[in-house]
Amino acid sequence: MNAITRIPLDADLFPISEPSHPEAPVAQRRRFRTIWISDIHLGTRGCNAAMLIDFLDHTDSDTIYLVGDIIDGWRMKKRFYWPASHNDVVWRIMKRAKRGARVVYIPGNHDEMFRQFTGLNFGGVEIRRKAIHETADGRKLLVMHGDEFDAIMLAHRWLAFVGDAAYHLLMKLNVGVNLVRQRLGLPYWSLSKHAKHKVKNAVEFIGRFEEVVAHEAGVRGVDGVVCGHIHTAEMRRIGGIDYYNDGDWVEGCTALVEHGDGRMEVLHWADEIAARRAAEAAARELAVAA
C-alpha cells in the first residue's frame with residue numbers, strides 16, 4: 001500500500017464548519033463492517049442531504065467508501081449553492097475519520113477536481129483513484145466511480161454536460177414533488193427514478209454499463225466490483241463477477257453495506273425511515289392503550 005501524505009484540515013478546498021444540527025442521539029446505531037455511498041451531489045438542490053444525515057446518524061462502520069460525485073463541481077462552477085445541511089454532511093464524514101473509521105474518497109467525474117490530490121490524506125480521508133476492498137469472507141472487490149466506462153463521457157463530453165443540465169431540471173421537479181408529498185404525509189418517492197425506469201434507452205444503457213464494468217473487473221482478476229455513477233443501486237452476478245452499485249442520494253437514497261460475515265446488502269433509506277416511523281407510531285399506540 002502506498003504511503004499516504006497528509007494535507008492540513010484547513011486546506012481551502014470547500015467550506016467546513018460546526019454543524020447547524022448536531023448528530024442525533026441514537027441509542028443503538030446499526031453497525032456494519034463497510035459502507036459504500038456515492039453520487040451525493042453536494043452543492044446542488046437535488047441533493048437529499050436531510051435523508052443522508054439521517055442515514056449517517058443511524059449507522060456506523062469500520063470503513064466507509066465515498067465512491068465519487070460527492071461534491072458537484074460542475075454545478076458549483078455555474079452557481080455556488082452550499083446550505084447548512086450540506087456542511088452538516090461533510091462534518092459528519094470528517095467526524096467519522098476523527099473517531100477512527102477508515103474513510104476512502106474516490107472522486108468521480110463531477111468532483112474530478114479532487115483527483116489531483118490522489119494519494120493524499122485530507123483530515124483523515126484517504127483520496128484514491130480506485131481501491132481494492134477485501135470482504136470478511138475473503139473476496140476482493142474493485143472499487144471505482146465508474147465514469148471511466150461511460151461511453152458518453154469518454155466520446156462526447158459536451159453531450160454529458162447537456163444531459164447534466166436536463167437531469168438537474170428533473171431534480172428540481174423531484175424536490176417540488178416531494179415537498180407536496182411531505183405536506184400530505186406521504187413517504188419519499190423519486191420522480192426521476194421512475195422516469196428513468198420507464199425510458200427504454202436508459203434501461204438499455206444501464207444494462208450495458210453494468211456488463212462493461214463487470215467485464216473490466218474480471219479482466220483485473222478480482223471477484224467483484226463496486227461502483228456508482230449511474231444512480232441505480234444493484235446487486236447481481238454477471239459472468240462470474242459480483243456487480244454492486246451503491247446508488248445515489250438524489251434519486252434512490254441508497255447505500256451498499258457489508259455485514260460482519262461478508263454478506264452484502266443495499267439499504268433503501270426511504271424505506272428504512274418509513275419502517276422506523278411505523279414502528280414508533282405502533283409503540284405510541286401501545287403505550288396509549290396500556
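This is a predicted model: local features need pLDDT of at least 70, side-chain atom pairs count only at pLDDT 80 or more; totals for chains, interfaces and linings use all residues.
View 1. Cysteine 47 is buried, with a relative accessible area of 9%. Its sulfur lies 8.6 Å from the closest cysteine sulfur, that of cysteine 253, which is too far for a bond. Cysteine 227 is likewise buried, at a relative accessible area of 0%. The structure contains zero disulfides.

**View 2. Helix α3 (residues 84-98) and its packing partners.** The 15 residues of α3 should span 21 Å at 1.5 Å a residue, and the 21 Å between the end C-alpha atoms agrees with this. The helix is mostly covered, with 11 of its 15 residues buried; among them are His86, Asp88, Trp91, Arg92 and Arg96. Its buried residues pack against helix α1 (49-57) and against the strands β2 (30-37), β3 (59-66), β4 (102-105), β5 (120-122) and β6 (125-127). Glycine 100, which follows α3, has a positive phi near 110 degrees.

**View 3. Aromatic pairing of phenylalanine 55 with tryptophan 249.** Five aromatic pairs occur in the structure. Phenylalanine 55 and tryptophan 249 form a tilted pair, 5.4 Å centre to centre with 45 degrees between the planes. This pair links distant parts of the chain, 194 residues apart: phenylalanine 55 belongs to helix α1, and tryptophan 249 to the loop between β11 (241-245) and β12 (254-258). Phenylalanine 55 counts as buried at 1% relative accessibility, as does tryptophan 249 at 0%.

**View 4. The tilted pair of tyrosine 105 and phenylalanine 114.** The two ring centres are 5.7 Å apart, with 55 degrees between the planes. Tyrosine 105 is buried at 7% relative accessibility, and phenylalanine 114 is buried with a relative accessible area of 5%.

**View 5. The aromatic cluster of Phe55, Trp249 and Trp269.** Ring pairs join these three residues into a cluster.

Key: Residues are numbered from 1 along each chain as its sequence is written. Side-chain values use heavy atoms; hydrogens and water are left out. A disulfide is a pair of cysteine sulfur atoms within 2.5 Å. Buried means under 20% relative accessible area, exposed over 50%, partly exposed in between (1.4 Å probe, protein chains only). Helices (H or I, at least four residues) and strands (E, at least two) are DSSP runs, numbered from the N terminus. The expected span of a helix is 1.5 Å times one less than its number of residues. Contact means heavy atoms within 4.5 Å. Rings of Phe, Tyr and Trp (its six-membered ring) pair if their centres lie within 6.5 Å; planes under 30 degrees apart count as stacked, over 60 as edge-to-face and the rest as tilted.
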